[in-house]
Amino acid sequence: MDDSEQKLLVTAALPYANGPLHVGHLAGAYIPADVFVRYQRLKGSNVLFICGSDEHGVPIKIRADREGITPQEVIDRYHGMMRKSFQGIGLGFDNYSRTSLPLHHKISQEFFLTLNRKGFVTEKSVQQYHCNTCGRFLPDRYIEGECPHCHQDGARGDQCESCGRWLEPEQLIDPKCKECGSCPEMQSTKHWYFRLSEFQGKLEEWQASKSDWKSNVREFCSGWFQEGLTDRPITRDIDWGVPVPLPDAEGKVLYVWFDAPIGYISSSVEWAQKQGQPELWREYWFDPNTRLIHFIGKDNIVFHAIVWPATLMAHGDFVLPDHIPANEFLNIEGEKLSTSRNWAVWVDEYLDVFPPDPLRYYLEANAPESKDADFGWKDFQAHNNNELADVLGNLINRCLSFTEKNFDNRVPPACKPEDADRAVLDAIAHSAQTIAAALESFQVRRAVNEMMDLARTGNKYFNDSAPWKALKTDRERCGTILNTTLQLLASLAVLMEPFLPFSAEKLWQMLNGSGSHREQCWNAIQDLRLADSHPLGKREILFEKIEDGIIEEQVAKLHS
RNA sequence: GGCGACGUAGCUCAGUCGGUUAGAGCGCGGGAUUCAUAACCCCGAGGUCGUUGGUUCAAUUCCAACCGUCGCUACCA
């Protein structure tokens with residue numbers, strides 16, 4: 001199929017709106033998704049990139065109660081912060097929505113009703129702890145008590161941190177509400193269950209065809225299939241969420257895990273409305289040829305690879321996920337990231353101090369693709385200084401500076417190309433192919449390294465060719481060397497776009513390229529040429545080095 | 001407890017569908033150069049590929065056990 005006809009519907013996990021965005025979020029889902037989408041756009045693919053804030057659920061409600069504000073104020077705050085962070089780091093969503101919108105509520109309710117009408121939802125009464133003081137039913141992890149096994153105090157209703165055993169809340173001795181400390185009591189309550197168990201066969205059959213999925217996703221699912229899927233409650237007893245659209249469901253909302261992925265659909269609908277073509281979203285979601293790709297972190301695998309596809313199957317009509325590239329986690333300075341201990345690097349705070357591309361580059365080159373990776377400030381500095389500044393930035397600067405000083409800042413003509421010159425042009429084509437192949441299989445790390453290797457090739461060529469010597473003996477030869485290197489820079493401006501969009505744009509301007517580098521075609525990069533005598537733009541340092549002191553401040557801040 | 005992942009040079013990681021001298025970047029040592037953000041380029045030192053067994057003509061690569069790190073375990077989304 002022609003790339004321009006193949007529709008791509010790309011989603012990045014909806015971030016939960018009870019805290020700001022951190023580098024772990026970026027590394028796991030957002031940067032890989034953005035790199036993929038930017039590459040696809042250069043290729044000319046028809047791609048829709050969707051995201052939004054996930055704004056329901058108990059944790060948001062509890063945060064609001066603690067701070068004495070409304071849940072709406074909580075989500076407004078974090079939705080705004082995350083949106084700004086995404087923009088600052090260059091996430092190019094076509095639409096960034098939020099699940100608190102009436103549009104999303106309506107679509108989620110319709111979804112629920114369809115499943116109910118088709119008989120995939122059943123009603124059940126269950127016993128649950130209820131805190132009379134806080135006035136709500138308590139999720140397992142919000143109940144604490146003495147562990148029945150090791151008798152340690154402070155065990156949670158889902159698991160004892162001390163002995164690691166998995167618990168049921170009613171096993172706890174002397175249970176207490178984690179928020180207020182009072183003793184909860186068992187109450188009967190009614191919930192609606194999604195009949196997930198009915199879909200095991202279809203899911204297994206469907207996944208059997210996904211041999212190109214990453215092993216972490218496949219292994220994870222096979223474990224679940226072996227255990228056997230069970231029906232899942234998809235409603236909750238709180239007043240913050242999408243109300244269950246049934247007459248006898250007062251005070252019940254849809255479980256966030258049910259409504260959140262529907263946010264991918266409602267965000268697409270909102271996008272279509274903003275385009276003035278309110279039905280346009282159907283061309284993506286209802287076309288069986290659409291490749292639906294969900295970028296997520298590994299904590300999301302079971303929901304995206306099992307529960308959500310089953311939900312889509314139950315509803316019918318919608319396209320099923322084609323691929324679910326799930327990344328592992330990012331640690332910070334060797335320790336597990338923890339928002340409650342403030343052991344995290346927040347994107348908004350990063351952007352107060354640094355430009356976006358160095359962080360993008362670091363997370364791309366150090367992406368947690370096959371196993372957990374580590375974010376280290378010194379490591380970040382090293383990647384910026386040794387690679388972005390010394391290899392890529394220096395190649396650009398040495399070439400432009402030389403051309404400016406000796407050739408009136410114009411592209412010298414290429415005369416009598418030699419083997420070395422041709423080899424550089426061949427290397428461009430080869431890199432473009434290698435990077436494309438890596439990105440098609442979601443290997444950002446390999447792809448960005450290949451891009452940097454092309455810059456290394458450029459440095460070696462420039463060095464071996466020694467235009468500063470040729471300048472004195474053979475001005476024509478010197479011009480040819482610069483011409484070749486400048487063509488390499490033009491290609492790099494396009495090749496950099498998926499990884500370093502801000503710098504790619506600046507480089508294109510420095511080269512005084514026509515239009516935007518984003519209008520170039522990835523598949524024709526090797527044919528991209530700056531014309532003889534083409535006037536170059538204004539030169540500037542593309543990647544500043546980062547001084548030790550700045551890094552030390554960040555490390556100190558992390559430990560404070 | 002169950003399931004899974006990972007453990008390769010000082011550091012961060014590739015790789016090996018079993019088979020000549022195990023790779024990259026950084027860091028380190030030496031050299032060359034001066035166009036450039038004291039950058040670039042070349043050379044070099046450094047690894048019994050977590051441990052112990054097994055299969056095999058041959059294992060770092062397959063299998064088992066063990067040790068270590070981590071994740072998931074179904075209402076933390």
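This is a predicted model: local features need pLDDT of at least 70, side-chain atom pairs count only at pLDDT 80 or more; totals for chains, interfaces and linings use all residues.
Two residues are in contact here when heavy atoms lie within 4.5 Å of each other. Setting aside neighbours within four places in sequence, Tyr30 touches Ala12, Ala13, Leu14, Pro15 and Leu21, along with His25, Cys51, Phe86, Leu91 and Phe93. Tyr30 also belongs to the largest nonpolar core, a set of 174 residues, where Tyr30, Phe375 and Leu392 have the most contacts inside the core. A separate core of 10 residues lies apart from that one, and its members include Cys147, Cys160, Leu167 and Leu172. As background, nonpolar side chains tend to be buried together in soluble globular proteins.

Next, have a look at a pair of helices. H6 spans residues 215-227 and H9 spans residues 301-315; their axes come within 10 Å and cross at roughly 60°. Because of that angle, H6 counts as oblique to H9. The crossing of these two helices is right-handed. On the H6 side, the contact is made by Asn216, Val217, Phe220, Cys221, Trp224 and Phe225, and H9 contributes Ile301, Val302, Ala305 and Ile306. Sorted by class, this contact between H6 and H9 holds nine nonpolar residues, one polar residue and no charged ones.

The axes of H13 (residues 419-440) and H16 (residues 475-496) come within 9 Å, crossing at roughly 5°. An angle under 35 degrees counts as roughly parallel, so H13 is roughly parallel to H16. From H13, the contact draws on Asp421, Val424, Leu425, Ile428, Ala432 and Ile435, while H16 supplies Arg477, Thr480, Thr484, Gln487, Leu488, Ser491 and Leu495. By class, the contact of H13 with H16 has seven nonpolar, four polar and two charged residues.

Ser401 counts as buried because its relative accessibility is 13%, and the cut-off for buried is under 20%. The C-alpha atoms of Ser401 and Ser370 are 41 Å apart, with the two residues separated by 31 residues along the chain.

Finally, follow the chain into the loop between H12 and H13, where you will find Asn409 and Lys416. Phi is positive at Asn409, near 60°, although the residue is not glycine. Lys416 likewise has a positive phi in a residue other than glycine, near 35°.

Definitions and conventions:
Residues are numbered from 1 along each chain as its sequence is written. Chains are lettered from A and ligands numbered from 1 in the order in which they are written. Side-chain values use heavy atoms; hydrogens and water are left out. A nonpolar core is a set of buried Ala, Val, Leu, Ile, Met, Phe, Trp, Tyr and Cys residues joined through side-chain atoms within 4.5 Å. Buried means under 20% relative accessible area, exposed over 50%, partly exposed in between (1.4 Å probe, protein chains only). Axes are lines fitted to C-alpha atoms, for helices over the stretch in contact, and angles run from 0 to 180 degrees between N-to-C directions. Helices (H or I, at least four residues) and strands (E, at least two) are DSSP runs, numbered from the N terminus. Angles under 35 degrees count as roughly parallel, over 145 as roughly antiparallel, 65 to 115 as roughly perpendicular and the rest as oblique. A crossing is left-handed if the near helix is turned anticlockwise from the far one by less than a right angle, and right-handed if clockwise. Ala, Val, Leu, Ile, Met, Phe, Trp, Tyr, Cys and Pro count as nonpolar, Asp, Glu, Lys and Arg as charged, and the others, Gly among them, as polar.
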